[in-house]
Amino acid sequence: MQLLLQAALFTNDVETTSLVRNELFEDVIPLLENQAMPLLLEAYAKHQVRTTFFFTGYLAERSAKLVRMVWDQGHEVGCHGYSHKINKAFDVLSFEEQLEHLKKAKSILENITGEAVVSFRAPALRVNSDTPAALMESGFLIDSSVASQRFDMFLSYGSGQKLKWLTAPRLPYFTKPDDLTKRGLTNLLEVPVSALIIPYIGTTLRMLPFPVRLIRSALAFESTVNGKPINFLTHPNEFMDEAHSRGPIARRSGNFVKYLLADLIRNKLKMKNLGSSAIAILEKELAYFSRKGFSFLTMKEYRNLIVNSNGENR
């Protein structure tokens, strides 16, 4: 599946995660409302960017204001599941549990926006073989939980399932009914998060701006060759000041190796260039793709272009 248009999808995962504390933290909500989201939306407006925000249902229940802020500025509201708890990740939930979470979160978001929510990204990109069927039964048309050829999965939870990323198609594709990492005949479109060994996301960009910008240039060139869209993932949580929240790093696993890699080491790496520094870094990326003539699209807009260009009735 090839689309000649060069598209840039700057996507955003919105949850109550405190990057400083390495855990879900309710005090993040007012910081998102009053600091991070206004800064991020201002940056997008400045560069005339329309994009997709994936909200957890849990956060949307507690702050419809955040959802409306995004919706009122013409961005797409997507679903990030109901909960971002590590023991509620989609790769450890049954089909029935996933369906329950998806329908609950989708209903919360649709009641706020008044429009169907069709785009999904799993918390921490964790999915299993039941996820495609659960998504389709819940009415989703788009998934973005795969990061093709991304090699840092051992620093995160759910690394066993994420090994499939290594062989996942690079171009967007319609998935198999039991595997989001394989091409199939469903109407569920997978739009992989951009990666070239290292993921092109807000976290790695903040940690290693120069090397990741080299990867970005390679990804932009790839797009000119085969039409692969840029799918940049960031979190509004990266654009707020949590100085008051500093303390011991939360341990999320009893397994020492997981704690060392996915909590201690990963948390240390994530602390670089938060707040206003992160906004400045993001704006350079937006300016780059604007200069290169990329079209900034939402997930839903991109899928419509795919379907229309292929003449498919999906």
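Trainee: How do the axes of helix α3 and helix α4 cross, roughly parallel or oblique?
Mentor: Happy to start there, keeping in mind that this is a predicted model. The axes of α3 (residues 64–72) and α4 (residues 95–113) come within 10 Å and cross at roughly 60°. Angles from 65 to 115 degrees would count as roughly perpendicular and those under 35 as roughly parallel, so α3 is, relative to α4, oblique.

Trainee: Which residues of α4 do Ala64, Val67, Arg68 and Trp71 meet?
Mentor: Those four residues belong to α3, which passes α4 in a right-handed crossing. On the α4 side, their contacts are Leu109, Ile112 and Thr113.

Trainee: Where do the side chains of strand β4 point, and are they buried or exposed?
Mentor: Let's walk along β4, residues 52–55. Thr52 and Phe54 point one way, while Phe53 and Phe55 point the other way. Whichever way they point, these residues are all buried.

Trainee: Which residue in β5 is the bridge partner of Thr52?
Mentor: Strand β4 pairs with β1 (residues 7–14) in the parallel sense over four bridges, and there Thr11 stands opposite Thr52. β4 also pairs with β5 (residues 76–79), again parallel and over four bridges. In β5, the partner of Thr52 is Glu76.

Trainee: What share of the chain's residues count as buried?
Mentor: Let's look at the whole chain, with its 11 helices and 14 strands. It exposes about 12,700 Å², of which carbon and sulfur atoms supply 55%. Of its 314 residues, the share that counts as buried is 59%.

Note on methods. Residues are numbered from 1 along each chain as its sequence is written. This is a predicted model: local features need pLDDT of at least 70, side-chain atom pairs count only at pLDDT 80 or more; totals for chains, interfaces and linings use all residues. Side-chain values use heavy atoms; hydrogens and water are left out. Buried means under 20% relative accessible area, exposed over 50%, partly exposed in between (1.4 Å probe, protein chains only). Helices (H or I, at least four residues) and strands (E, at least two) are DSSP runs, numbered from the N terminus. Two strands pair if DSSP finds at least two bridges between them. Accessible areas come from the Shrake-Rupley method with a 1.4 Å probe; for residues, only the protein chains shown count as cover. Axes are lines fitted to C-alpha atoms, for helices over the stretch in contact, and angles run from 0 to 180 degrees between N-to-C directions. Angles under 35 degrees count as roughly parallel, over 145 as roughly antiparallel, 65 to 115 as roughly perpendicular and the rest as oblique. A crossing is left-handed if the near helix is turned anticlockwise from the far one by less than a right angle, and right-handed if clockwise. Contact means heavy atoms within 4.5 Å.
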